[in-house]
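Dear colleague,

Please find below the structure that I am handing over to you. My notes on it follow directly after.

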Amino acid sequence: MCRITAADKEAAVARFLQEFPRAPQAGRDHPALRGCDDIAWADFPGCPAGVGALLRGLLDPAAASEAERVLCNVLMDGVFRLGPAMPAALPFLLRLAADPAVPVRAGLVEVLLVVAELSHPVDGGGEQAIRVLGSDHDHPERALCRAVFAEHADLVRGLLDDRTLPDGFAPEERASLLMVAAP
């Protein structure tokens, strides 16, 4: 299984900051990011300290696309694995996706759809699902992400009702988001 190492994540953040040194200042006062600098991102296993800078970089039109790409790699531990920092980052991603002025808003909605899908419980899904995705017991970030979605259910419903999003939501995407946002 393809895994992204902590060193790879640190290097990706360093490259981003070198290429876009002003990007972390872009979203310094954005209300969706209140509190992101109070989180000790590096305390999460395999997570670099620069997550706050990447979140702010999502608001810089010149850097937003690269910030989104690097952030996704940093918050994931592999192709089908949410990283331990994802539940802490999820409220910020939800609030940013709800803001039509965010340059990569449609991309963030896609990220939320992936996180929602990967947050569904697996243990009842059969032996093959557990082999591929691991058991829920071994991946507490799934339940933590579901709790964040439920806590921010108003934002999820707002996204689902938002007619300004370019592609809207397929029925299965809508069902996935509603399922994880259910209390």
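The notes below begin with the overall fold and then turn to individual residues and charged pairs.

The model is predicted, so local features rest on pLDDT of at least 70 and side-chain atom pairs on pLDDT 80 or more, while totals for chains, interfaces and linings use all residues. Residues are numbered from 1 along each chain as its sequence is written, and side-chain values use heavy atoms, with hydrogens and water left out.

Overall fold

The protein contains 10 helices and 2 strands, arranged along the sequence as α-α-α-α-β-β-α-α-α-α-α-α. Helices (H or I, at least four residues) and strands (E, at least two) are DSSP runs, numbered from the N terminus. Of the 183 residues, 49% are buried; buried means under 20% relative accessible area, exposed over 50%, and partly exposed in between (1.4 Å probe, protein chains only). Among contacts (heavy atoms within 4.5 Å) between residues at least 6 apart in sequence, 66% join residues at least 24 apart.

Histidine 30

Histidine 30 sits in the loop between helix H2 (23-26) and helix H3 (51-57). Leaving aside residues up to four places away in sequence, histidine 30 touches Leu59, Leu96 and Asp99. With aspartate 99, the side chains form a polar contact of 2.7 Å. The side chain of histidine 30 also reaches the backbone nitrogen of alanine 32 at 3.0 Å. A polar contact is a pair of N or O atoms within 3.5 Å; within protein, one must be able to donate a hydrogen and the other to accept it, and residues adjacent in sequence count only if both atoms are side-chain atoms.

Helix H10

Ser176, Leu177, Val180 and Ala181 are buried in helix H10 (residues 171-181). Viewed down the axis of H10, these buried residues fall within an arc of 125 degrees, so they line one face of the helix; the arc is that of the directions from the helix axis to the C-beta atoms. They pack against helix H6 (105-119), helix H8 (141-151) and helix H9 (153-161). The face of H10 turned away from the buried side carries the exposed residues Pro171, Glu172 and Met179.

Charged residues

Side chains of opposite charge can pair when their charged atoms come close. The whole structure holds 5 salt bridges, a salt bridge being a side-chain nitrogen of Lys or Arg within 4 Å of a carboxyl oxygen of Asp or Glu.

- Aspartate 77 and lysine 9 meet in a salt bridge (2.7 Å, N to O). The pair links distant parts of the chain, with aspartate 77 in strand S1 (residues 76-78) and lysine 9 in helix H1 (residues 6-19), 68 residues apart. Both aspartate 77 and lysine 9 are buried.
- Arginine 105 and aspartate 162 form a salt bridge, with the closest N and O atoms 2.4 Å apart. Arginine 105 lies in helix H6 and aspartate 162 in the loop between H9 and H10, so the pair ties together parts that are 57 residues apart in sequence.
- Arg28, Asp37 and Arg56 are linked in a network of salt bridges.

Glutamate 141, in helix H8, is buried yet has no salt bridge; the nearest side chain of opposite charge, arginine 142, is 5.5 Å away. Here Lys and Arg count as positive and Asp and Glu as negative; His and the chain ends are not counted. Apart from residues up to four places away in sequence, glutamate 141 touches Leu82, Gly83 and Pro87.

With kind regards
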